[in-house]
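Please read it beside the sequence and the 3D view.

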Amino acid sequence: MTQVLQENRENIGKSKLIQGRKPRWTWIACLAGSLIVASAIMAVVGFNVAGWAVLTALFYVVSNYAVTRIMENGRKATDQLWTNLVVGAFLVALLPLISVVWTVLSIGLPGLLAPGFLASDMTGITGAVDQASVEDGTAILGGVKHALIGSLVMTLGATAISVPIGLLTSIYLVEYSRGGTFSRAITFFVDVMTGIPSIVAGLFAAGLMLTLVGPGDNVMGFTAVIALSVLMIPVVVRSTEEMLRVVPNELREASYALGVRKWRTILKVVIPTAISGIASGVTLAIARVIGETAPILVTAGVAVSTNWNLAKDWMMSLPVYIYRQMMFPTAPAAPDASEQRAWAAALVLIIIVMLLNLTARFIAKAFAPKKTGR
Amino acid sequence: MTVTSPSSGLHDPRSAAGRAGDKIFSGTALTAGIVILAILAFVAVYLVVESIPALTAGEGELSHGKTSFWSYVWPMMIGTVIASAIALLIATPVSIGVALFISHYAPKRVSQAFGYVIDLLAAIPSVVYGAWGMAFLGPLLVPIYAWLSENAGWIPLFSGGYSQTGRTLFTASVVLAVMILPIITSLCREIFVQTPKLHEEAALALGATRWEMIKMSVLPFARAGIVSAIMLGLGRALGETMAVTLVLSPGALSANIINVGNQTIPSEIALNFPEAFGMRQHELIAAGLVLFVITLAVNMIARWIVSRHKEFSGAN
């Protein structure tokens, strides 16, 4: 009995189906070989991690191709080469993500944990204060309260303008239009709006307010709200339209058959069915505009103190705060303090954006219409 | 047989309130659509009107002693296009590879998680990428610039010294590439997974390897989609502001991409608009108009390619 099994096993090893194939551990051997060769070269020219990784990858891809070509055939070798390249592309794409997250965490976290970072603004933080923190080792003062408040107020303003317009437009497109010229024009121009560079939206809003209220008073939170709305409306329209279109027609017809008016049908049947998708689309749109820098920079300007009023005075936002602290450190001779604040603000911004993204996913999952029982 | 009258208990469909509700609601929806068209028309008209003074200005009126608006905007247009082109050259092969990895190579159970990871790249705000490029990537690339300048200096792209801070056009392009990578990837991925399963299985049944299957069935099917994904990525790269503003030390147009110099239109606007007034403001708005027209053209070509291939590909 055991003998038979043994024979079978040996036969499997010699089976015609897997003849002429390289053993499964080939890639480990190739990797080990590449590592050794790369290390040897690095030992000669001087070690650095980046060069070592690049050389290893290069040798691995080449040796794997060569081995496959010798042990199997040219077609298999080409296949192997492309598999390696495709996997390599994915690994390369991960590098910047890891690097950005690591940079933000390693520099930003101490700044974020500094007492009062979230609760104070930059009022009274001059170059001398930063200089002192470097020279005398005192704590790095200053925070993002004004930027956080500015970002929240301006984003809320943009949401308050964009959501009604976007929602109603997509209702028009899906429920009322009959595919005529007007609706096709809207669809086309919404596409066009999606492609407007954010800085152009900012220019538009800045100039519009310049014409309306005159120079000097035109730099305020509300100007930024207009710019952000121009960027946000097309996103809301596209996502809402998509969600309304997947609502089954049977639901509408059932409602009409009961004698319900069209507007009641839309409000009570269509929108409740699609609400999870709409809400998640709106959340993603908010996540997109809260990270916008350029349109706010040219419209709301920069500020050091907290300002709640959208209609008056300059207003800071988180992205602009990061930009200013990186580009124009408070104390040019001691930029470390500013850099730490910038990275801490970047960490805050990334956390906000990630939370919004997670919320969107959660809404889409948790409030999705039930498949059965309705 | 008696016919009951259709009213009594039911809501009367002819009631005045119901009719008014319908009118109001459809009217509001239509108005919202008109508002969107009005906003866009306003953007276009406003940009044109405010640009005219700069476009028609003669010698001596413009800043920096330029003779005409075009001699001012021309070098920046070239800079914008070069930066975006390098970004595309880097991002396109990588994104197609990543998209293929997620759609055809990664194990089914984890491929969606990998997709989320790449989408995270898109969630990071551009200013953070800019700060990263300025503080981390630039200094990292300096040794490579030094090597290129020393050993490949005969190529015009690398001749004429290199930047000690790494704040060059090439660094900016790499940052742009990272930013457009998730866009191209997600669009390509969507198309790759729509390849008809039967085509793929037919190729495999004929004895094709996985790569041959992809070459024979997936890539031809997705070609139009890939092109439009690249165009949309290009549109994004052209209009991207903060990454370039933070990374690049601007200067005059030059062929050297590893030294300071060159400038892109969005970055020029962001750097100068807050302090601009009078003619300078008109100049910058006119530059914005040029940028708007370029990105508009690129985006429209992309959409046109998609719509042309709508019937026989998954790229819609």
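Helices, as named here, are DSSP runs of at least four residues, numbered from the N terminus. With that numbering, Tyr162(B) has its place in the loop between helix H4 (126-151) and helix H5 (169-192) of chain B. The model is a predicted one, and the values below are computed from it.

**Surroundings of Tyr162(B)**

- Tyr162(B) has a relative accessible area of 27% and is therefore partly exposed.
- Apart from neighbours within four places in sequence, the residues in contact with Tyr162(B) are Val142(B), Tyr145(B), Ala146(B), Ser149(B), Ile258(B) and Asn259(B).
- Although Tyr162(B) and Val260(B) are 98 residues apart along the chain, their C-alpha atoms are separated by 7.6 Å.

**Surroundings of Ser111(B)**

- Ser111(B) belongs to helix H3 (residues 108-123) of chain B, and its relative accessible area of 14% makes it buried, the limit for that class being under 20%.
- A polar atom of the Ser111(B) side chain lies 3.3 Å from the backbone oxygen of Lys108(B).
- Once neighbours within four places in sequence are set aside, Ser111(B) is in contact with Ile102(B) and Ala106(B).

**Aromatic pairs**

- A pair of aromatic rings is described by the distance of the centres and the angle of the planes.
- Over all chains, the count of aromatic pairs comes to 14.
- The pair of Trp82(A) and Trp211(B) is stacked, because the ring centres are 4.0 Å apart and the planes stand at 10 degrees, where under 30 degrees counts as stacked.
- This pair joins two chains, since Trp82(A) lies in helix H4 (residues 74-113) of chain A, whereas Trp211(B) lies in helix H7 (residues 210-239) of chain B.
- Within the pair, Trp82(A) counts as partly exposed at 30% relative accessibility, while Trp211(B), with a relative accessible area of 9%, is buried.
- The rings of Tyr323(A) and Phe328(A) form an edge-to-face pair, because their planes are at 85 degrees, with the centres 6.3 Å apart; an angle over 60 degrees is what places a pair in this class.
- Of these two residues, Tyr323(A) is buried at 2% relative accessibility, and Phe328(A) is partly exposed at 40%.
- One aromatic cluster is formed by Phe90(A), Phe101(B) and Phe114(B).
- Arg264(A) lies over the face of Trp263(A), at 5.9 Å from the ring centre.

**Interface of chain B and chain A**

- The size of an interface is often given as the accessible area lost when the parts come together.
- Between chain B and chain A, the buried area is about 6800 Å², and carbon and sulfur atoms give 80% of this area.
- In terms of residues, 80 of chain B are in contact with 73 of chain A.
- Two salt bridges are found across the interface of chain B and chain A.
- Arg75(A) and Glu212(B) form a salt bridge in which the closest N and O atoms are 2.8 Å apart.
- Seven residue pairs are in polar contact across the interface of chain B and chain A, with both residues of each pair at pLDDT 80 or more.
- On the side of chain B that touches chain A, the largest share, 21 residues, comes from helix H1 (residues 16-56) of chain B.

Methods: Residues numbered from 1 in each chain as written. Chains lettered and ligands numbered in written order. Predicted model: local features only at pLDDT ≥ 70, side-chain atom pairs only at ≥ 80, totals over all residues. Heavy atoms only, no water. Phe/Tyr/Trp six-rings, centres within 6.5 Å; stacked < 30°, edge-to-face > 60°. Buried < 20%, exposed > 50% of the residue type's maximum accessible area, 1.4 Å probe, protein only. Lys NZ or Arg CZ within 6 Å of the ring centre and 35° of its normal. Contact = heavy atoms within 4.5 Å. Buried area = accessible area lost by both parts, 1.4 Å probe. Salt bridge = Lys/Arg side-chain N within 4 Å of Asp/Glu carboxyl O. Polar contact = N/O pair within 3.5 Å; in protein donor to acceptor, adjacent residues only side chain to side chain.
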